[in-house]
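Here is a friendly walk through one protein chain, from its overall build down to a handful of residues. Please have your viewer open as you read.

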Amino acid sequence: MRAPGTFLITFDVELIWGVFFDAGWRRRAEQRWGSVRDVFADILSVLDRHGIPATFAFVGHLFLDRCERGPDGRTHGEMPRFEHAFFPGDWYDLDPGTNLETDSLWYGADLVAAVRDAAPDHEIGCHGFSHAFLESDRDLARAEIAASAAAAREAGFEPRSFVYPQNRVGFTDELAPAGFTHYRETYEKPSRAVSLLLRAIGDDPPVARAVRTGDVIRVPGGLPIVPAMGVRRIVTMRSRLREIRRGLARAAAEEAVFHLWTHPHNFVEGREFMIRYLDRAMEIVARARDEGAVDVVTMSGVTA
């Protein structure tokens, strides 16, 4: 018999692919994210300590340890180009076309291997191939979804779970042909000011049930872990842990899914605080699991 509630945690692994199109965030990544691999090891250690399996959704390019420019001077010339209004020009212009050793924020084969070798058994999913936004152009969505799955398979994995870049969901009928069975849905959020206020007081996080839509299962989006930087520092440890307890209680009471998600780079700034938070949060989750209040699964372990 299944426990009445379900908990899962997902890490969107992007490195610089998640921010390169914004000049300010790109500079921040280049200047401050040098410790991201140490933070990644800390995250895996916490999950191991509490026996919590997670889904790691990798940008497809991070399955690579190298790439190179073709005769036309472009990287990944086989991929369609689609101009986003906020990033004019070729989406791959900044891809260095080098290797992991030279440009470690653009490649992540070592991180994939770390997840593969870690305990407990984590799930490796996909997050697009280049973090292009996929809600507006079917050809782009089809190519990005398929290329991310192909990169994962080339690395030895059969990905089942997909997380849309920027949570911009579109063309979900393209997922099943690429082998995906689950995707993370987004949800309506209040304004930034209201959202921050709710986080600061540790309000009830959203929970919902997974739903089958066509050939795939829509996994509810849930609660993002906010980094301890800027104005978000007003979200205290007490409030963060209150959210975890309330989310688990709601999931158990409503026979629903409480989905916690984040990015490893969110743990770089305020690292000590953020890792301590993750450790204490996973301790609370493990206790709820051991008491039979929730099942702890990965995205592909969630069924409608």
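Helices (H or I, at least four residues) and strands (E, at least two) are taken here as DSSP runs, numbered from the N terminus. By that count the chain has seven helices and ten strands. Residues are numbered from 1 along each chain as its sequence is written. Keep in mind that this is a predicted model, in which local features need pLDDT of at least 70 and side-chain atom pairs count only at pLDDT 80 or more, while totals for chains, interfaces and linings use all residues, and side-chain values use heavy atoms, with hydrogens and water left out.

## Overall build

Along its principal axes, the C-alpha trace spans about 60 × 40 × 40 Å. The radius of gyration is taken over C-alpha atoms, and the globule rule is 2.2 Å times the number of residues to the power 0.38. For 304 residues a compact globule would come out near 19 Å, and the chain agrees because its own value is 19 Å.

How much of the chain is buried? Buried means under 20% relative accessible area, exposed over 50%, and partly exposed in between (1.4 Å probe, protein chains only). Buried residues make up 53% of the 304 residues. Accessible areas come from the Shrake-Rupley method with a 1.4 Å probe, and for residues only the protein chains shown count as cover. The chain exposes about 13300 Å², of which carbon and sulfur atoms supply 48%.

A contact means heavy atoms within 4.5 Å. Among contacts in the chain with a separation of 6 or more, 78% join residues 24 or more positions apart.

For charges, Lys and Arg count as positive and Asp and Glu as negative, with His and the chain ends not counted. Each charge is placed at NZ of Lys, CZ of Arg, CG of Asp or CD of Glu. There are 37 positive and 44 negative side chains, and the centres of the two sets lie 7 Å apart.

## The nonpolar cores

In soluble globular proteins, nonpolar side chains tend to be buried together. A nonpolar core is a set of buried Ala, Val, Leu, Ile, Met, Phe, Trp, Tyr and Cys residues joined through side-chain atoms within 4.5 Å. The largest one here has 85 residues, and Phe7, Ile9, Phe56, Phe58, Leu260 and Met282 touch the most other members. Helix H7 (residues 271–290) gives the most to this core, with ten residues. A second, separate core of ten residues includes Val163, Ala210, Val219 and Val257.

Phe7 is worth a look. This residue is found in strand E1, and Phe7 counts as buried because its relative accessibility is 0%. Not counting residues up to four places away in sequence, Phe7 touches Ile52, Leu248, Phe258, Leu260, Met282, Val285, Val294, Asp295, Val296 and Val297.

## Links across the sequence

| Pair | Sequence separation | C-alpha distance |
|---|---|---|
| Phe7 and Val297 | 290 residues | 6.4 Å |
| Val36 and Val268 | 232 residues | 6.0 Å |
| Gly18 and Ser130 | 112 residues | 8.4 Å |

Val36 sits in helix H2 (residues 36–50) and is buried, with a relative accessible area of 4%. Leaving out residues up to four places away in sequence, Val36 touches Leu15, Leu105, His265 and Val268.

Gly18 lies in the loop between strand E1 (5–13) and helix H1 (23–32). With 7% relative accessibility, Gly18 counts as buried. Beyond its neighbours within four places in sequence, Gly18 is in contact with His131 and Gln166.

Ser239 belongs to helix H6 (residues 237–254). Ser239 is buried too, at 8% relative accessible area, and leaving aside its neighbours within four places in sequence, Ser239 is in contact with Arg199, Ala200, Ile201 and Gly202.

## Backbone details

Which peptide bond is cis? The bond from Ala119 to Pro120 is, with omega near -5°. Pro120 is found in the loop between helix H3 (109–117) and strand E3 (123–126).

His76 is a residue other than glycine with a positive phi, near 50°. His76 lies in the loop between strand E2 (55–58) and H3, and counts as buried at 12% relative accessibility. Phe171, also not a glycine, has a positive phi of about 55°. Phe171 is placed in the loop between strand E4 (161–162) and strand E5 (182–184), and at 22% relative accessibility Phe171 counts as partly exposed.
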